[in-house]
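Subject: Structure for you to look at

Hi,

Here is the structure I promised. Please open it and keep it beside this email as you read.

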Amino acid sequence: MDATNALGEFLRARRALIRPEDAGIRRGGGLRRVPGLRREEVAMLAGISADYYLRLEQGRDRNPSLQVLEALADVLDLDAPATAHLIGLTQARPSQARRSDRSGDRGRAAQRPEPVPPGILQLIDGWPSNPAYVENRFTDVLAANPLAMALSPSHSPGGNLLRAILLDEAERELRRDWEELTEAGVAALRANVGPDVDDPRLVELVGELSVRSERFRRLWGRHDVRPKHARVMRLRHPKVGDLELQSNKLVINGTDGLILKVFHAEPGSRDAELLAILGSLTAPTGESRNLTGSDEQQAVDEQ
């Protein structure tokens, strides 16, 4: 991941996904040496010079106008979230500025998970029949109620959900829509971090997954950008069998992108019965688990 030229990396990746014929360019008789569109073809379609587009990809010009960015987004067939991401890559990264103002032991402190507001912990404790957990924008799980952890061990605080789903074979067996889920998860990670591509936690996570997961390398290289939306989670649970749950996310105001994920079944459905059975099998703890104090520091040490 080239944090110093995030704009150029994004442009190269996205033009490689566009078929020339879809952009109105007729293929010649010879072989094309590059996948997707050539640089000069993108420039022509966007109404800019080939030299100027080359400077954008090479990182020698990082301040294109909004009009140029919108023209490039149209050529690259970007949807609204991806267009917003493209524009954001040309703007100042606020978290980078915040890190530059820190002094002392910045390296470890900058990666320490943000605490979950007490009111949110009380809220998920009050949902004994609804699995719920809190994650940050890097999918590090910070808090979860007992039913969420019974649904999947990857919901336990201290772990990283995307890492678990990609690398843990048990998680792959659990997730009946693993292919769709991993594709959406990687695209959501890009949407969550936005232009802050040099954040130490992101660099660490992307580095690990790039080494250990071929699927992650391929998906991350596409530069897809899609925020998470409400979806149906399809599981094959080892204790209660197949079930489908509605998944909803709520952004926690006043935090640096913390997200509350809640699952529920259609009232009176078989899925609701199975979820109730799973709840009856869960040892009552009386409260959710979350990262605080020494647990928080231990999670940082293990990441």
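Below is what was found in it, from the overall picture down to single contacts.

First, the ground rules. This is a predicted model, in which local features need pLDDT of at least 70 and side-chain atom pairs count only at pLDDT 80 or more, while totals for chains, interfaces and linings use all residues. Residues are numbered from 1 along each chain as its sequence is written, and side-chain values use heavy atoms, with hydrogens and water left out.

**Overall**

The protein has 16 helices and 6 strands. Both are DSSP runs, numbered from the N terminus: helices are H or I with at least four residues, strands are E with at least two. Of the 303 residues, 47% count as buried. Buried means under 20% relative accessible area, exposed over 50%, and partly exposed in between (1.4 Å probe, protein chains only). The protein exposes about 15200 Å², and carbon and sulfur atoms supply 50% of that. These areas come from the Shrake-Rupley method with a 1.4 Å probe; for residues, only the protein chains shown count as cover.

Now contacts, meaning heavy atoms within 4.5 Å. Take those with a separation of 6 or more: residues 24 or more positions apart account for 60% of them.

**The sheet**

In what order do the 6 strands lie in the sheet? The order is β3-β4-β5-β1-β2-β6, in an open sheet with antiparallel pairing. Two strands pair if DSSP finds at least two bridges between them. The edge strands, β3 (231–237) and β6 (289–290), each pair on one side only.

Go through the pairs:

- β3 and β4 share 7 bridges. They form a hairpin with 3 residues between them. H237 has G241 in β4 as its bridge partner.
- β4 and β5 are joined by 6 bridges. S247 is partnered by F263 in β5.
- β1 (residues 132–135) and β2 (residues 141–144) are joined by 3 bridges. E135 stands opposite V141 in β2. This pair is a hairpin too, with 5 residues between the strands, and T139 in the turn has a positive phi of about 65°.
- β2 and β6 are joined by 2 bridges. A143 is partnered by N290 in β6.

**Helices**

Helix α8 (residues 118–125) lies across β1, β2, β5 (259–264) and β6. It runs at about 50° to β2. Helix α15 (residues 270–281) also packs on the sheet, touching β3 and β4 (241–251), and its direction makes about 85° with that of β4. Axes are lines fitted to C-alpha atoms, for helices over the stretch in contact, and angles run from 0 to 180 degrees between N-to-C directions.

Then find α1 (residues 6–15) and α5 (residues 80–88). Their axes come within 9 Å and cross at roughly 145°. L7, F10 and L11 of α1 meet A82, H85 and L86 of α5.

**Cores**

A nonpolar core is a set of buried Ala, Val, Leu, Ile, Met, Phe, Trp, Tyr and Cys residues joined through side-chain atoms within 4.5 Å. The largest has 35 residues. L151, L162, L189, L202, F216, W220 and L245 touch the most other members. Helix α12 (residues 178–193) gives the most to this core, with 5 residues. A second, separate core has 27 residues, including I18, A73, L86 and V225.

Which residues does L162 touch, not counting those up to four places away in sequence? They are T139, G185, V186, L189, L209 and F216.

Best wishes
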